[in-house]
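Please look over the sequence and the structure shown here before reading on. The paragraphs that follow lead from one part of the chain to the next.

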Amino acid sequence: MNERVAPSVLEGRTPSSHPGGRAVTISNISAGYGERAAISDITLELAQGSLTAIFGPNGGGKSTLLKCIAALMRPWSGTIEVLGAPVGVHAARVAYVPQAEQVDWSFPIAVDEVVAMGRTPRIGPLGRAGAADRAAVAEALERVDMADLASRQIGELSGGQRRRVFIARALAADPEIYLLDEPVTGVDPVTQEKIMNILDAEAARGRTVIATTHDLACAAQRFHDVVALAGRVVAHGPAQLVLDREVLEKTYGGHLVPLADGGVVLLDDPHHSHGSHEGHE
């Protein structure tokens, strides 16, 4: 990805204010794979109702951090509280959307069946869906403009349509926290706009949205807050941080190329090339 970034325009470095309490509190966590640390000494507080983008280089730990918050990965050290309790206690109130390449798209399952999986935390793995569950699935499909393809096999869809289906699965869960790993990477502009409008609406009604991204323009324009992550927290604050040259230099290092006008070009592949873990950060 070549992303042009304007010169520094930021004065402060504090997250934007939100009326709610803390959705996620992370204290000094470190985590990784084998003996390799992906993240170290991470401390963050993310407010309820916030719309937060986590950005940084490949291998910077974005996916790892998201998985730790989702209770899909146990940190080596430190603590995480989600909705006021130890991570995992309120798992049913958290929806996680993985990266597209982590999904087996050849699995024979229809669109509406994928979305219905979002109701599993409420009805249990062996429970039967009721009228409220079916209504939630139908509403979620309508919101992502996929109702007409409800019976289509997931593997027959385009990349953007697949992302919409997984967003719909999260919506059907009606969670208090959304954790989305690169929800707009590799999708067309119309799908990106649709997804971001949905996430913005969820934040507006008090839901907490935390998403990883390589799209700095999207982070600056569509998110409230950002976290710059490069194995550690470089900065956490309002979305304008992605325009701050000092923050970008500390986050991306040699991946930045200075320009004559004072701006920089970011050289970073939005698709993971690591071969050992999770795709992997």
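**A walk through the model**

Strands E2 and E3 run antiparallel and are joined by eight bridges, where strands and helices are DSSP runs (E, at least two residues, for strands; H or I, at least four residues, for helices) numbered from the N terminus, and two strands count as paired if DSSP finds at least two bridges between them. Within this pair, Ile29 stands opposite Ile42 in E3. Helix H1, residues 62-69, packs on the sheet and touches E2, E3 and strand E5 (77-82), and its direction makes about 125° with that of E2; such angles run from 0 to 180 degrees between N-to-C directions, with axes that are lines fitted to C-alpha atoms, for helices over the stretch in contact.

This is a predicted model, in which local features need pLDDT of at least 70 and side-chain atom pairs count only at pLDDT 80 or more, whereas totals for chains, interfaces and linings use all residues. Residues are numbered from 1 along each chain as its sequence is written, and side-chain values use heavy atoms, with hydrogens and water left out.

The sheet that contains E2 and E3 is an open one of four strands in the order E3-E2-E5-E6, with antiparallel pairing. Its edge strands are E3 (36-47) and E6 (85-86), each of which pairs on one side only. Thr25 has its place in strand E2, which spans residues 22-33, and Thr25 is buried, with a relative accessible area of 16%; buried here means under 20% relative accessible area, exposed means over 50%, and partly exposed lies in between (1.4 Å probe, protein chains only). Apart from its neighbours within four places in sequence, Thr25 is in contact with Leu44, Glu45, Thr79, Ile80 and Glu81, contact meaning heavy atoms within 4.5 Å.

Where in the chain does Phe55 lie? Phe55 belongs to strand E4, residues 51-55, and Phe55 is buried, with a relative accessible area of 0%. Leaving aside its neighbours within four places in sequence, the contacts of Phe55 include Lys62, Thr213, Leu229, Val242 and Tyr252. Of Phe55 and Leu229 it can be said that 174 residues separate them in sequence, while their C-alpha atoms are 6.1 Å apart in space.

Further along comes strand E7, residues 94-97, which is covered on both faces: Val94 and Tyr96 on one side, and Ala95 and Val97 on the other, are all buried. In a regular strand the side chains alternate between the two faces of the sheet. E7 pairs in the parallel sense with strand E8, residues 177-181, over four bridges, and the bridge partner of Val94 in E8 is Ile177.

In one of them the side chains of Asp145 and Arg164 meet at 4.0 Å, N to O. Asp145 lies in the loop between helix H4 (131-143) and helix H5 (159-173) and Arg164 in helix H5, so the pair ties together parts that are 19 residues apart in sequence. Asp145 is partly exposed, at 48% relative accessible area, whereas Arg164 counts as buried, at 12%.

Asp174 forms a salt bridge with Arg205, the closest N and O atoms being 2.9 Å apart. Because Asp174 lies in the loop between H5 and E8, and Arg205 in the loop between helix H6 (189-204) and strand E9 (208-213), this pair ties together parts that are 31 residues apart in sequence. Both residues are also members of a salt-bridge network that links Arg122, Arg143, Asp174, Glu202, Arg205 and Arg207. Within helix H8, residues 245-252, Arg245 and Glu249 are four residues apart and so are separated by about one helical turn; they form a salt bridge in which the closest N and O atoms are 3.0 Å apart.

Finally, the chain can be viewed as a whole. The protein chain has eight helices and 13 strands, and 52% of its 281 residues count as buried. Among its contacts with a separation of 6 or more, 71% are accounted for by residues 24 or more positions apart.
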